[in-house]
Amino acid sequence: MELVYTGKTKNVYKLPNGNYQLVFKDDVTGVNGVFDPGANHVGLQIQGAGLAALSLTQFFYTKLNDFNIPTHFVCADLDKGTMEVLPATLFGRGLEVICRFRAVGSFLRRYGAYIEEGAPLDSFVEFTLKDDNREDPPITEEALVQLGIMNREEYATIVQLTKKIAHVVKDILAQKGLELYDIKFEFGRIGTDKNLALIDEISGGNMRAYKDGTYVDPLTVAKIILES
């Protein structure tokens, strides 16, 4: 296999069949040794984090198939810690889409003068550029269009998909007594028709989940969701 990308939490290899293989690592983003899904750098290593992320990603992608939501998922091998995915073209140099149900994290840091911590939000969707040097700046629809990153139709479709997927995840967490505060996704264009699809992972490392007002770490989220 050919290594094509070394990421913070996983490495990407090109497979002989033209698909790609994601290899999950135990590295997680954070600041000063504390996990933070919104951080731009690896902050710590948690044993078992890679397998937990892969297991939860496989679980959620399988669920999304039931809702006919397009994804790049092909299959996963939990023993090897890998996931095979369809090739996808990124938007620009990478784009993250966040759906927020409560005011925490960077949203609160920006708008804290107008809202209390933990206040409810109505499935608020925001786009941020993946740019570590500029601390992943938020970007508007107008900027995305004028910079040629995506068109307005793609923007509207991604907002719709983001809300739909986030509510699927939120409902599943609620069934286990967890509340989803926010979650981030990535999307790409797949195939010759450049169809929009969810890419990357859906794991505890991409979300903030709480139980009775107390934050739940990524490994515990996976354990709670995956337990029978």
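This is a predicted model: local features need pLDDT of at least 70, side-chain atom pairs count only at pLDDT 80 or more; totals for chains, interfaces and linings use all residues.
Strand β13, residues 179–190, is mostly covered. Of its twelve residues, eleven are buried.

Start with the partners of β13. Strand β9 spans residues 88–89 and pairs with β13 in the antiparallel sense. Two bridges join them. Here Ala 88 stands opposite Ile 190 of β13. Next comes strand β10, residues 95–102. β10 also runs antiparallel to β13, and four bridges connect the two. In this pairing Ile 98 stands opposite Lys 184 in β13.

Now look further along the chain. Strand β14 covers residues 195–199 and makes five bridges with β13, again antiparallel. Ile 190 stands opposite Asn 195 in β14. Ile 183 has Met 207 of β15 as its bridge partner.

Turn to another sheet. Five strands make an open sheet in the order β1-β2-β3-β8-β7, with antiparallel pairing. Which strands form its edges? They are β1 (2–6) and β7 (73–77), each pairing on one side only. On average, neighbouring strands in this sheet are turned by 25° against each other, direction ignored. Inside the order, β2 (residues 10–14) and β3 (residues 20–24) pair over five antiparallel bridges. Tyr 13 has Gln 21 of β3 as its bridge partner.

Helix α1 connects this sheet to the helices. α1 lies across β3, β7 and β8 (82–85). Its direction is about 140° to β7. α1 also packs on two helices, α5 and α4. Two packed helices are described by the angle between their axes and the distance between the axes.

Take α5 to begin with. α1 (residues 49–66) and α5 (residues 218–226) pack at an angle of about 40°, with axes 9 Å apart. From α1, the contact uses Ala 49, Ala 52, Ser 55, Leu 56 and Phe 59. From α5, it uses Leu 219, Val 221, Ala 222, Ile 225 and Leu 226. By class, nine of these residues are nonpolar, one is polar and none is charged.

The other helix is α4, residues 152–175. The axes of α1 and α4 come within 11 Å and cross at roughly 115°. On the α1 side, Phe 59, Phe 60, Lys 63 and Leu 64 make the contact. They meet Ile 165, Val 168, Val 169, Ile 172 and Leu 173 in α4. The contact counts eight nonpolar residues, no polar ones and one charged.

Methods:
Residues are numbered from 1 along each chain as its sequence is written. Side-chain values use heavy atoms; hydrogens and water are left out. Axes are lines fitted to C-alpha atoms, for helices over the stretch in contact, and angles run from 0 to 180 degrees between N-to-C directions. Contact means heavy atoms within 4.5 Å. Ala, Val, Leu, Ile, Met, Phe, Trp, Tyr, Cys and Pro count as nonpolar, Asp, Glu, Lys and Arg as charged, and the others, Gly among them, as polar. Two strands pair if DSSP finds at least two bridges between them. Buried means under 20% relative accessible area, exposed over 50%, partly exposed in between (1.4 Å probe, protein chains only).
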